[in-house]
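Take a look at the model below.

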Amino acid sequence: MRVDSCVGCGGRAASRMREAIVRGLAHRLATAACYPVMYRSVEALPLCTACLEKLPLIGDTICPQCGRDGKTGELCPDCQKIPAETLQSNRSLLRYNEWGKDLLGTYKYRGEERLASFYAQLLTIAVHRHYKGIRFDCIQAVPLHQQRLRERGFNQVDLLARRLGDRIGVPVRSLLLRTKMTEKLSKQAGRSARESSMADAFSWAGESLKGNASGWYRVLLLDDIYTTGSTLRSCAHTIREHAGTRGSIYSLTIYR
């Protein structure tokens with residue numbers, strides 16, 4: 001893959017038409033106050049004009065809890081069924097479609113390193129879009145079980161967390177361990193099975209969590225995709241058990 005090639009299709013990333021597309025996307029994603037930083041973030045995406053135009057961006061009307069694309073801006077049916085939510089909110093940048101599925105598979109299972117920079121850039125855009133103004137104390141990537149880590153060779157989300165942390169100036173911490181090996185999501189039958197399998201899937205790693213001067217902490221949990229939210233809620237539950245309830249736990253994913 002050439003350095004100046006598009007990570008989406010392998011074509012040439014630069015073109016005379018690209019500037020207009022970048023400006024349009026930046027205007028769509030930014031408020032007036034953060035347009036310059038959003039423009040620079042979008043411009044840095046290694047995508048050609050055609051792939052920029054077909055980015056499946058989640059719209060402005062979303063479920064206020066899980067960030068799913070919606071029509072009313074009210075809680076979606078799935079979030080209405082959650083009895084005790086541990087996440088302050090989740091936000092994602094893109095809808096998960098076949099294009100995203102193929103690209104994410106290339107990154108997770110074939111180890112295409114250039115996609116790490118691309119995904120970290122998408123997450124940076126998502127922070128500026130949804131969480132600008134929140135001073136996070138740390139970023140926590142969803143940890144992999146040791147067996148899954150040996151199979152895959154790397155934690156793809158941890159790599160993204162470190163690149164995102166460098167870009168937004170927030171340290172990455174290792175607060176959690178994954179202690180339960182679960183089946184892949186595609187092999188689990190439905191939301192209830194997923195919620196059940198993720199119960200007590202994480203334990204505290206031993207690091208202390210220091211908040212701001214008032215003792216209040218803000219943690220940003222990071223994952224690549226939000227499907228049912230059960231993994232992120234299980235992580236948040238473990239953090240609250242050990243760090244206490246004087247804090248807020250947000251989550252951010254590339255895909256929803």
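**Spaces inside the model**

The structure holds two cavities of 30 Å³ or more. A cavity is found on a 1 Å grid over the protein atoms alone, as a set of points where a 1.4 Å probe fits but cannot get out. Grid points are joined across faces, edges and corners, and a volume is the space filled by probe spheres set on the points. Rolling a probe the size of a water molecule over the atoms shows where empty space is left.

This is a predicted model, in which local features need pLDDT of at least 70 and side-chain atom pairs count only at pLDDT 80 or more, while totals for chains, interfaces and linings use all residues. Residues are numbered from 1 along each chain as its sequence is written, and side-chain values use heavy atoms, with hydrogens and water left out.

Begin with the largest cavity. Its space is about 40 Å³. Helix 1 (18-29) and helix 6 (114-130) are the elements that give two or more residues to its lining. Helices (H or I, at least four residues) and strands (E, at least two) are DSSP runs, numbered from the N terminus. Lining residues have an atom within 4 Å of a point. Here they are Leu-25, Leu-29, Val-42, Leu-45, Leu-55, Leu-57, Leu-93, Leu-122 and Ile-125. What classes do the residues of this lining divide into? Nine are nonpolar, with no polar and no charged residues. Ala, Val, Leu, Ile, Met, Phe, Trp, Tyr, Cys and Pro count as nonpolar, Asp, Glu, Lys and Arg as charged, and the others, Gly among them, as polar.

The second largest cavity also has a volume of about 40 Å³. Its lining includes Cys-66, Asp-78, Ile-82 and Arg-233. By class, the lining has four nonpolar, one polar and four charged residues.

**An open pocket**

A pocket is an open set of points with protein on both sides within 12 Å along at least five of seven lines. The second largest pocket has a volume of about 310 Å³. It is lined by 15 residues, and the closest to its centre are Ile-82, Ala-84, Glu-195, Arg-233 and Ser-234. Five of the lining residues are nonpolar, four polar and six charged. Helix 10 gives the most, with four residues.

**Strands, loops and confidence**

Now turn to strand 1 (residues 89-94). Six of its six residues are buried, so strand 1 is largely enclosed by the rest of the structure. Buried means under 20% relative accessible area, exposed over 50%, and partly exposed in between (1.4 Å probe, protein chains only). Strand 1 pairs with strand 6 (residues 247-255) in the parallel sense, over five bridges. Two strands pair if DSSP finds at least two bridges between them. Ser-89 has Tyr-250 of strand 6 as its bridge partner.

Two loop residues make a contrast. Leu-57 sits in the loop between helix 3 (49-53) and helix 4 (77-80). Leu-57 is buried, with a relative accessible area of 4%. Asp-200 lies in the loop between helix 9 and strand 4 (202-204). At 61% relative accessibility, Asp-200 counts as exposed. Asp-200 has a positive phi of about 55°, although it is not a glycine.

How confident is the predictor? pLDDT is its confidence in each residue, from 0 to 100. The protein chain averages 92, and 96% of the residues score at least 70. Among the elements, helix 9 has the lowest mean pLDDT (83) and strand 1 the highest (98).

Notes. pLDDT = per-residue confidence, 0-100.
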